[in-house]
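Subject: Model for you to look at

Hello,

Here is the model I said I would send. Please open it beside this message, as the notes below refer to it by residue.

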Amino acid sequence: MSEPLLKVQGLKTYFFLERGVVKAVDGVDFEIKKGEILGLVGETGCGKSVTALSIMRLISSPGKTVEGKVIFEGEDLLKKSGEAMRKIRGTKISMIFQDPHTSLDPVFTIGYQIAEPIELHQVEEQHLISAKEVPKKVVEMLKLVGIPDPDHRVVEYPHQFSGGMKQRAMTAMMISCNPSLLIADEPTTAIDVTIQAQILDLMRDLRRKLGTSILLITHNLGVIAEMCDRVAVMYAGNIVEQADITTLFGSPKHPYTRALLEAVPKVGAKRRELKTIPGMVPSLITPPPGCKFHPRCPHAMDMCREEFPQMIEVGKEHLVRCYLYSGASKK
Amino acid sequence: MLDRIRGRLRTFEKEIVITIVHIRGYLRRLQRSPAFRYLRRDIRAKVGGVIVLLVVFTAIFAGFIARHDPTTQNLSNRFQGPSWEYPFGTDDAGRDIFSRVVYGARTALIIGTLLVVVQTSIGLPLGLLAGYRGGKVDNLIMRLVDAVLAMPGLIIALAFVAVFGPGIYKVVLALAITGWAGCARLMRGQTLAIKEETYIEAARAIGEKDRTIIFNYVLPNAISPLIVMMTMTFPAAILLSASMSFLGLGVMPPTPDWGYDLNAYKKFMGDPMPAPLMTILPGIVMVITIFGFNFFGDALRDAYDPRLRE
Amino acid sequence: MYGFILKRLLLLIPIFFAVSIVVFLLLPLTGDPARQVLSGQGRMDVTPELLDNISHQYGFHRPLYIQYLRWLTGYPPADPGQGENVLVIPRGLLMGDFGFSYTRSRPVASLMLEALPQTLLLTFTAFILSLVIGLLLGIFSALRRKTLVDYTFMGTAIFGVSIPFFWQGLMMILIFVNWLKWFPIPTAGEHGLMYLILPAFTLATHSAASLARMTRSSMLDVLRQDYIRTARAKGLRERAVIYKHALKNAFIPVSTLLFLRLPFLFGGTVIMEVVFSWPGMGRLLVSAMGAYGSPAKDWFIVQGGVLMFLVIAVLANLLADITYAYLNPKIRYGEGG
């Protein structure tokens with residue numbers, strides 16, 4: 001088995017606010033192999049975006065990554081200097097953000113913004129292409145992401161693009177330097193369903209043609225089902241279940257995963273009421289003791305209230321953080 | 001007959017009690033409001049607030065704080081340095097400078113208060129009208145506001161005084177001619193924003209009259225930035241009116257005024273009669289006053305800003 | 001963008017007319033223009049015949065709209081038959097005639113021509129100075145938010161905004177002319193470099209302080225935006241993120257505010273010119289307005305001066321709009337897509 005492209009170990013990112021310390025990411029472990037699409041799914045506020053930003057080391061005060069390792073291509077990113085990390089961003093690891101309307105600089109042309117990383121990384125730092133070839137490459141990228149009439153669109157400003165095109169332009173920006181890992185933070189949430197499909201197709205193409213690994217963050221289970229090879233389910237700052245896609249949807253083990261899947265309304269189902277998960281998302285400043293899900297879990301036992309459960313291996317590469325399965329071997 | 005009077009008195013008592021209860025409730029809610037809590041911790045609010053209170057206190061009780069009459073001349077007592085009797089010394093006519101400064105504070109605050117009243121009386125309804133009605137009315141009023149905002153307020157104020165003569169009330173009017181525009185624009189912005197809120201839609205849906213909507217919903221929610229603006233009018237008023245009086249086109253004797261005095265004392269900054277403290281000390285008081293209002297106003301503005309809640 | 005500018009230019013016409021009417025009305029509003037003329041010349045011997053004579057000489061007996069027309073265009077011309085004095089009846093603003101100063105016995109236009117460049121020099125110098133200092137201070141503070149440097153700068157800035165121009169001018173004179181003797185005593189009529197520095201600097205500090213505050217707050221706003229995060233995610237150098245992306249966006253609201261504060265700056269110039277005896281329009285205007293209740297006012301200078309300042313203010317406003325249209329791509333290129 002070859003080394004995974006990305007290996008996150010014990011990642012903890014806390015936000016030090018006046019009203020307390022928000023433990024947004026409280027011990028997260030996962031791996032992404034080369035050419036794999038890993039889905040990171042969970043409700044809003046469970047720490048998915050913060051995890052992604054921590055990997056990119058884009059967390060700024062009052063947040064801080066306090067513990068953990070992020071091993072990318074064999075090196076711990078958290079130990080790298082700021083300058084070294086900067087050279088990785090945009091070129092080896094890239095991130096597409098959730099809201100394309102606010103994520104593009106309104107005073108620069110789309111072409112300029114796409115050219116920036118190319119010029120910086122490929123021309124200046126890596127000497128892969130010459131400055132003269134940059135404009136051509138920018139147009140190429142626009143074509144790649146499916147923007148029509150790219151020669152004219154290059155000099156336009158973000159406000160002249162539609163939502164879907166903005167998202168595609170941002171994608172173009174981020175893949176222009178052939179990253180090995182692409183992090184996509186809710187890439188489909190802010191756009192129409194029809195455009196969603198195109199964006200997802202684009203990402204699948206990337207994986208197919210260039211072997212790009214993708215960390216796909218979303219709360220949409222349908223997208224996960226369509227795109228991912230493996231999935232990790234997050235709750236209140238921890239991963240509670242990890243499995244390949246068929247296993248997760250076929251035999252989910254963690255009560256939270258099960259509740260999530262049941263909450264999705266199914267066409268043709270007989271039941272009238274929508275099934276919800278009782279209770280509220282826990283506070284990240286003072287999370288419940290023991291297993292963070294226990295107040296809402298139908299199977300909560302005494303042990304769940306006392307000690308925080310570790311990940312337990314219940315199948316091939318299938319991990320669950322739940323005492324229901326403590327009979328199986330601990331990881 | 002006596003019974004009727006007794007009855008009326010009782011209802012009157014009841015009304016007073018109800019009003020007091022209302023006020024107490026309002027104060028309690030105010031104390032719990034996020035803005036108030038912010039202010040209690042912000043040093044700008046504390047320092048600025050103390051200065052403002054001191055100045056207001058001085059202005060109201062000027063008679064008790066100043067030991068001498070600010071206009072009494074005593075030619076045998078000219079150019080005295082600071083002493084216990086005359087904390088700021090005496091001027092070229094033997095008058096107690098400290099008393100003049102104290103009464104000058106009263107003048108400054110009167111101008112500020114009047115200016116706030118006049119400006120708001122003009123600006124608030126205009127801005128409200130523009131924001132609420134929208135369309136052509138809005139367009140027209142905003143064009144006017146923009147034009148006025150582009151004008152150099154001081155110069156227009158000076159021209160006004162040149163035409164109509166000096167004095168406190170003329171100065172207030174002169175400054176209000178251009179000053180109302182800021183209030184109007186603010187009010188319009190607020191009204192526009194509030195108009196879009198769903199609770200206004202709801203109020204209309206149940207058939208509330210426009211006037212009710214304005215008074216019960218729009219105004220209370222627009223109050224906060226308005227209060228900030230009213231606070232910030234004071235430093236501007238003091239600065240401008242003092243400048244006008246300094247130039248001789250503002251407040252004139254016998255009304256004591258900081259600007260006027262500073263102009264009178266400026267000849268004594270150097271040779272042949274060096275008494276620089278005459279210009280330095282009153283000036284410092286003036287600067288601290290303006291600073292206090294600015295400081296407090298800054299804190300107040302941040303207190304109402306929802307984005308600054310962590 | 002050009003449509004935007006054109007609309008603004010068209011608006012200038014009604015504004016100009018409105019302004020001109022207001023300025024014109026200054027003299028009639030005093031109640032007795034003829035007496036004003038006499039007081040201006042220092043004549044104490046006011047008899048009804050003299051008032052009537054002067055009134056006819058200056059054309060004050062004519063209906064207001066005729067007077068306004070004359071003031072603006074010079075038509076209808078002076079009629080000696082009615083006792084109108086050809087030398088003092090206005091020959092038309094639009095023809096370049098601002099009237100004849102009855103206190104200084106010169107055409108107002110020539111007085112203004114001498115004084116205007118001085119005012120522009122002073123204001124422009126102060127503007128540039130304040131721009132440089134204010135921007136740098138503001139950016140610096142924004143980048144070192146909540147540190148000692150930030151608090152010091154911003155504390156100084158609030159003080160800077162709280163000091164009235166005239167008092168600051170007096171203190172500057174006290175310190176730099178009287179005590180340190182670095183600069184010459186402000187003398188009427190002198191307008192060399194050494195006489196320019198103090199008033200320009202005094203003016204500049206006030207503006208720089210408020211500019212610094214605006215820049216800081218605008219920068220902080222911009223730095224919170226998502227597109228800054230995107231820029232960093234692309235691996236751009238921090239310098240590029242700040243000075244290219246953040247600054248360009250932060251500058252747009254600041255630039256508009258900059259030009260909108262120009263009228264306020266002109267007010268300050270007027271004060272500075274008086275305090276430092278700088279021979280500009282402000283000093284001319286204030287002395288013509290008759291300080292300390294003095295009845296000696298020269299209304300033609302007042303009208304000319306006020307009009308000039310108002311026109312400059314309107315132009316500054318227009319400049320602000322044009323700059324905003326140029327810098328903001330949404331206006332420059334219109335909505336599309």
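This is a predicted model: local features need pLDDT of at least 70, side-chain atom pairs count only at pLDDT 80 or more; totals for chains, interfaces and linings use all residues.

Residues are numbered from 1 along each chain as its sequence is written, and chains are lettered from A and ligands numbered from 1 in the order in which they are written.

Chain C

Chain C has 14 helices and two strands; these are DSSP runs numbered from the N terminus, with helices (H or I) of at least four residues and strands (E) of at least two. Its C-alpha trace spans about 85 × 60 × 30 Å along the principal axes. Among contacts in chain C with a separation of 6 or more, 68% are between residues 24 or more positions apart; two residues are in contact if their C-beta atoms, placed from the backbone, lie within 7 Å.

Helix α12 of chain C (residues 281-288) has seven of its eight residues buried, so it is largely enclosed by the rest of the structure. The buried residues include R283(C), along with L284(C) and L285(C). The buried residues of α12(C) pack against α5 (108-143), α11 and α13 of chain C. Just after this helix, G290(C) takes a positive phi of about 75°.

Chain C against chain B

The contact takes 38 residues from chain C and 35 residues from chain B. On the chain C side, α1 (2-29), α6 (148-162), α7 (165-179), α11 (262-275) and α13 (299-327) each supply at least two residues. That side divides into 30 nonpolar, seven polar and one charged (Ala, Val, Leu, Ile, Met, Phe, Trp, Tyr, Cys and Pro are nonpolar, Asp, Glu, Lys and Arg charged, and the others, Gly among them, polar).

Leaving aside residues up to four places away in sequence, L158(B) touches M244(B), L247(B), L249(B) and M289(C).

A helix pair in chain B

Helices α8 (residues 168-195) and α10 (residues 210-246) of chain B pack at an angle of about 155°, with their axes 10 Å apart (axes are lines fitted to C-alpha atoms over the stretch in contact, and angles run from 0 to 180 degrees between N-to-C directions). The two helices are therefore roughly antiparallel (angles over 145 degrees). By class, their contact has 14 nonpolar, five polar and no charged residues.

S180(A)

S180(A) lies in the loop between α7 (163-175) and β7 (181-185) of chain A. S180(A) is buried, with 20 other C-beta atoms within 10 Å. Not counting residues up to four places away in sequence, S180(A) touches L5(A), K92(A), T212(A) and S213(A). S180(A) and S213(A) are 33 residues apart in sequence and 6.0 Å apart in space, C-alpha to C-alpha.

Regards

Note on methods: Angles under 35 degrees count as roughly parallel, over 145 as roughly antiparallel, 65 to 115 as roughly perpendicular and the rest as oblique. A residue is buried if 20 or more other C-beta atoms lie within 10 Å of its own, exposed if 12 or fewer, and partly exposed in between; C-beta atoms are placed from the backbone.
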